[in-house]
Protein chains: 4
Amino acid sequence: MPNFSDIAGLLADQAIELPSWAFGNSGTRFKVFSTAGVPRDAYEKIADAAKVHELTGLAPSVALHIPWDRVDDFDKLGTHAANLGVRLGTINTNTFQDEDYKFGSLTHVDEKIRAKAIAHMHECIDIMGVTGSRDLKIWLPDGTNYPGQGDLRGRQDRLADSLQQVYARLGDEQRLVLEYKFFEPAFYATDVPDWGTSYTHCVALGERALVCLDTGHHAPGTNVEFIVAQLLRLGRLGSFDFNSRFYADDDLIVGAADPFQLFRIMFEVVRGGGYGPDSGVAFMLDQCHNVEEKIPGQIRSVLNVQEMTARALLVDRDALAEAERDGDVLGANEVFMDAFYTDVRSDLADWRTSRGLPANPMRAFRDSGYADHIAAERVGGTQAGWGA
Amino acid sequence: MPNFSDIAGLLADQAIELPSWAFGNSGTRFKVFSTAGVPRDAYEKIADAAKVHELTGLAPSVALHIPWDRVDDFDKLGTHAANLGVRLGTINTNTFQDEDYKFGSLTHVDEKIRAKAIAHMHECIDIMGVTGSRDLKIWLPDGTNYPGQGDLRGRQDRLADSLQQVYARLGDEQRLVLEYKFFEPAFYATDVPDWGTSYTHCVALGERALVCLDTGHHAPGTNVEFIVAQLLRLGRLGSFDFNSRFYADDDLIVGAADPFQLFRIMFEVVRGGGYGPDSGVAFMLDQCHNVEEKIPGQIRSVLNVQEMTARALLVDRDALAEAERDGDVLGANEVFMDAFYTDVRSDLADWRTSRGLPANPMRAFRDSGYADHIAAERVGGTQAGWGA
Amino acid sequence: MPNFSDIAGLLADQAIELPSWAFGNSGTRFKVFSTAGVPRDAYEKIADAAKVHELTGLAPSVALHIPWDRVDDFDKLGTHAANLGVRLGTINTNTFQDEDYKFGSLTHVDEKIRAKAIAHMHECIDIMGVTGSRDLKIWLPDGTNYPGQGDLRGRQDRLADSLQQVYARLGDEQRLVLEYKFFEPAFYATDVPDWGTSYTHCVALGERALVCLDTGHHAPGTNVEFIVAQLLRLGRLGSFDFNSRFYADDDLIVGAADPFQLFRIMFEVVRGGGYGPDSGVAFMLDQCHNVEEKIPGQIRSVLNVQEMTARALLVDRDALAEAERDGDVLGANEVFMDAFYTDVRSDLADWRTSRGLPANPMRAFRDSGYADHIAAERVGGTQAGWGA
Amino acid sequence: MPNFSDIAGLLADQAIELPSWAFGNSGTRFKVFSTAGVPRDAYEKIADAAKVHELTGLAPSVALHIPWDRVDDFDKLGTHAANLGVRLGTINTNTFQDEDYKFGSLTHVDEKIRAKAIAHMHECIDIMGVTGSRDLKIWLPDGTNYPGQGDLRGRQDRLADSLQQVYARLGDEQRLVLEYKFFEPAFYATDVPDWGTSYTHCVALGERALVCLDTGHHAPGTNVEFIVAQLLRLGRLGSFDFNSRFYADDDLIVGAADPFQLFRIMFEVVRGGGYGPDSGVAFMLDQCHNVEEKIPGQIRSVLNVQEMTARALLVDRDALAEAERDGDVLGANEVFMDAFYTDVRSDLADWRTSRGLPANPMRAFRDSGYADHIAAERVGGTQAGWGA
């Protein structure tokens, strides 16, 4: 097995984009709990995200969600971010919170509503021009709740047409990233329910259309790392939305539900060429901190990704290949588990210290007084959430 | 196979309680769509429920949800219901929408919050005294999102103690009905996740504690009719919350996702002695009409239950027993399917007409002008939803 | 809604291929139960299959499985079939019962074993030349049981290469049909686990490579009819393996576990142009009759498909389209369910009679004495099963 | 967090029973691969099991399966075991491999067959008298494949009666352990499908009837550690069948699929008083080594259990309780994960050495030449498998 020092250099390549909405309130259909100090606008969200990056060195960019993060002057927002040491990243579209989209957006049978959804995405692309964002991420709520409610085929055809209109607006350096999801909010048929559907639409669009893999958007038992390997092989893995789950799209902290799965995913990323600045694969979080503190929740998340990345980099791939050639199932598994079971936390603390970062970012945050500061300062106004 | 005329008399025994909240707005964490004419208070909800009963003869009572349906004068509300031809039914507790319950209610580690939750249930029992309700239904959001967050064992012990305090307040003719749910809103461990947990708590409490089976609250693949049969055998099936699902707790219209499952459930109900006024089993709906119209949604639901009840009553149980004795798998299955595939809709239309009900309640509602009427009348105020 | 007479003509287009192995013994890893009269060889299997066709008019061809059905003279076997009124159909490869394939076949890391698997498929193609079969169906057991055991990416690359070598051998009128399966016999990673993987390999191969959709080979909750619609849209649905399931790949009689799902699948088939002689979509059964009688099990299966096809053809698609345009969720669902709930069994009995077929094929089989006949005649030898 | 030295003493309490059948061939319905050196009889199985104990010190007893391990003289078998340093443990019944049990055993509608199954269990109890075994373990294949095939309620009633007859035969120091399983080999309804069913039957039987929890026998997503905690609380956790799974009852090496789950299970065991010689909880493996070597597979398994037990013992439970009281979700989770992420392997190697065991049992086995020895010696005869 390689030593930590062999892989330490590679860790500098890690960059995980934070979602602005992770700092706002979120919850379930039953209740959204509120928390003192939650940001009221995009500026405050970015400040919180910048804090995460300051303490971890892992999160240099922030994804925005339109309209939640719409501001009058995106240039100013970008400068604000830069001043805090981060930059604006992926622009996320939102076609799930307008009454018009009750029966779909890019797939809607009513041409006027479909055009409205397309126009929204065009606006997002225009914002990308200002923010310098590379990726337009599209996640659609589109689907139906009852058999017969919609024409499954017709909806696909309209989706293809809508995506074509969106794609046509992209600049040469911009990409469209299409996310799939097994179910929710639609409970019978979802219009982009699996990687195959997202992939086939992307291929039809062109080279700058890629698949977004949200780790929580699969059927029970799905081997997610297989999909990672497959999409890398096909050259269409555009980005990750990291989170974890025990049941459905639980949106828990990445690595919290099944750390071994995260390890396996990171291993396929590394093996398949998806790691590093030239890979074209964007790493993002997409989580809901319903009951835990939000900023530490984000810190914990990026640390989890880093820890599993380190373990994945430690796998002795030559030994693995040899065991496979020998049909040595237990030997191969042992090589694999050896890396997983290696406790890299102390080495990572040293690595952080060597780079001027706090050895323990969780503790550093607690000690920073930032939580008290924002709780005291952010009084009045409306806390950000999924509705704003 | 029996003829419809053989079973027609039994259909008069069917009574399905409607949930007041089905007439309010509901949705997912992504969006709650609003609809014209939605009730603003308990009085209007009951009016809508009464309409369903007027057109179907199947829904003589309405379940209330506290605090959503709290009124100053429950006597007056009961009279309002009686005037409309229905009565007040099960009282549902709510410990999922107060900030205090972020980490649990009846299981909370903080004794003050646990006492508050118990006090809420005591208040609900007091309301039952006024409304003449038999059943206190408890569904708990209690659970944890992350391993380590809570002591699973301690939570069970506190739950047992809390339930004991609630049970002690019940009158001799009142019952406690404890609902279980696989997951949501908790995403790691739920404190009452399965029928076994609900059952063992009920047994510890006493004879008037019974299990509520929500048809959508199970793991993928669970054989729900087996649980129905088992709970009837054990004498602890208190009530049903009917709905249907493709994925998680989708809360779709009962019978919409898998009509054959509803048939199998109703067959076990009938075979196990759970049908009829003396059975002690309460039939209720618990659904969310997110994208479909609410009052017709409820009409469709009670009709679905009635249609599958009729089919279940038509099963030739002697032939079934004979086929089982003979090891005739295909013969037994054919007897079973014969009843399921029988189209009882025309017979049921005649049955309705014979009782002074509209042959087609869905059409009768459309023709009644009620939807337009309430849309025009219910202007201003705040539409009811899960938050109010 | 159309009348039965409107769709009766279309029913004549239905042809469902029977698997020869359905007439042999099958079971679980725990036990294979034996039955009197089970065929000892391919000739007897075809005789049983022909009996199903004689009584139903629905099953004009028989799929073979190599090596289980390997005979010295396939010409003679074809003549035998023709004499009994049926023909030889799809050739199924088998790379799961040789010790060499313990760690894979088309994906094996050992080039010698991979070549052996390819050679087997070439032999199957040669047999197709003799039998006049159109389709080579490939289902692979390939996969791994433990993380690390195999290189997921390497296995895909070898699979692509192997399939290319197989495809190259096909005649101009022959097709390669690649089946996917969620899991089993591999329990960690399966090399062709989903429709997306099968589809992408088929696209890489060429136009005569198509996807085989086995209705039991999906993750829990998967919307199978969506995949049907998608593959038809993409022009790559080659064939169905029909069966049904409650849990995993249970291989129960098609329509037995969820008749409404079968209806929805057949509706998408019809709507998507997958029905009828020109569609290019082959309908096959792939089931295990573990505890039920085998020949009647096949009769019941083809009747189930026919009944749901008739209901699917009865859907009023204009009314459905109108309801969708109006956003009338309940109206659309009612149109859809109206066809599903229509009891077509009596009309189908008349349809059969009008074509010289027995009104009730299940009863006709019981009355035929065929079961007693084969039980008496087929004494000695080894009953066919998955091992022979 | 405690130090390893604080918990080292507790590790000596660990005893994991090995299943004799793990050393025989096993597989899927598709294929059972054979391996050189596989035992031909119970004596050889015990020799292999003893090797595992010799190298790990963790597996002092061997479970037997009747009739697979039936010998003429169980006294002699016991002496054989004792001479090799192990003892005979749990007796497992088998009612799934006789043609008579096609439609059930303890639940069979035919009284003759039911009596035969009961008689088999009586024989097993008699064997326990000779072998000095404490536990009779009952796992039933009983269930149905098609709706209507069997009377779910009648089957429960017969099951209760049969178990009563079995229980009545037990000696005062003997226990009946009833295993539940979600599905397989039955594919519609299983007669003991969940812990609730097993538990209620055990309570009806008496104090010496306990539940066996097989970690692979649950629906997707089930929180297994919750059931562990609940059964310990109810005083009815009799034993574990350890294995792991990604999909169904995959029977993979325990800890291989989800090591974090095994950690959580062991933590609940420890917290709930299920660990240690006085707990009354038996730890057993029940796995299938389909593609991996069998003896090393068992060694790996007991080591996995030991490693996760050590980690579970390391959890700082006081810190956990404090974090729960404070509502500190992330803090609690960090305490929990801290133990899980601690690499105990080196400490365990030292612990082994200090007890005269090889530091690395996997390597010690490879170096022992035992595999070559048995491959050379065990020639001729029939390799043991599920059929013999």
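Leaving aside its neighbours within four places in sequence, which residues is A:Ser105 in contact with? They are A:Thr95, A:Ile113, A:Arg114, A:Ala117, A:Leu140, A:Pro141 and A:Asp142, where contact means heavy atoms within 4.5 Å. A:Ser105 sits in the loop between strand S3 (87-92) and helix H4 (111-131) of chain A. With 0% relative accessibility, A:Ser105 counts as buried; buried means under 20% relative accessible area, exposed over 50% and partly exposed in between, using a 1.4 Å probe and protein chains only.

A word on the model itself. It is predicted, so local features need pLDDT of at least 70 and side-chain atom pairs count only at pLDDT 80 or more, while totals for chains, interfaces and linings use all residues. Residues are numbered from 1 along each chain as its sequence is written, chains are lettered from A and ligands numbered from 1 in the order in which they are written, and side-chain values use heavy atoms, with hydrogens and water left out.

**The barrel, seen in chain D**

In chain D, eight strands form a closed barrel in the order S1-S2-S3-S4-S6-S8-S9-S10, with parallel pairing. Neighbouring strands of this sheet are turned by 30° against each other on average, direction ignored. Helices (H or I, at least four residues) and strands (E, at least two) are DSSP runs numbered from the N terminus, and two strands pair if DSSP finds at least two bridges between them.

Take S6 (residues 175-179) and S8 (residues 209-214) of chain D: they run parallel and are joined by four bridges. Here D:Glu179 has D:Cys212 in S8(D) as its bridge partner. Helix H9 (residues 294-314) of chain D packs on the sheet, touching S1 (16-19), S9 (237-242) and S10 (282-285), and its direction makes about 155° with that of S1(D). Helix H5 (residues 152-169) of chain D lies across S4 (135-138), S6 and S8, running at about 150° to S6(D). For these angles, axes are lines fitted to C-alpha atoms, for helices over the stretch in contact, and angles run from 0 to 180 degrees between N-to-C directions.

**One strand up close, in chain B**

Strand S1 (residues 16-19) of chain B is covered on both faces: B:Ile16 and B:Leu18 on one side, and B:Glu17 and B:Pro19 on the other, are all buried. S1(B) runs parallel to S10 (residues 282-285) of chain B, and two bridges join them; B:Ile16 has B:Phe283 as its partner there. S1(B) also pairs in the parallel sense with S2 (residues 61-65) of chain B over two bridges, with B:Ala63 in S2(B) the bridge partner of B:Pro19.

**How the chains meet**

Two interfaces are set out below, with buried area taken as the accessible area (1.4 Å probe) that two parts lose on being put together, summed over both.

| Chains | Buried area | On carbon and sulfur atoms |
|---|---|---|
| A and C | about 4200 Å² | 61% |
| C and B | about 2500 Å² | 56% |

The contact between chains A and C takes 53 residues from each. In chain A, the leading three are A:Phe226, A:Arg233 and A:Glu324, supplying 16% of the area that chain A buries against chain C, more than any other three residues.

Chain C can be laid on chain B by a turn of 180° and a shift of 0.0 Å along the axis, with an RMSD of 0.0 Å. That is the relation of a two-fold axis. In chain C, the C-alpha nearest the axis belongs to C:Asp343, 2.8 Å from it. Copies are superposed by least squares on the C-alpha atoms of residues with pLDDT of at least 70 in both.
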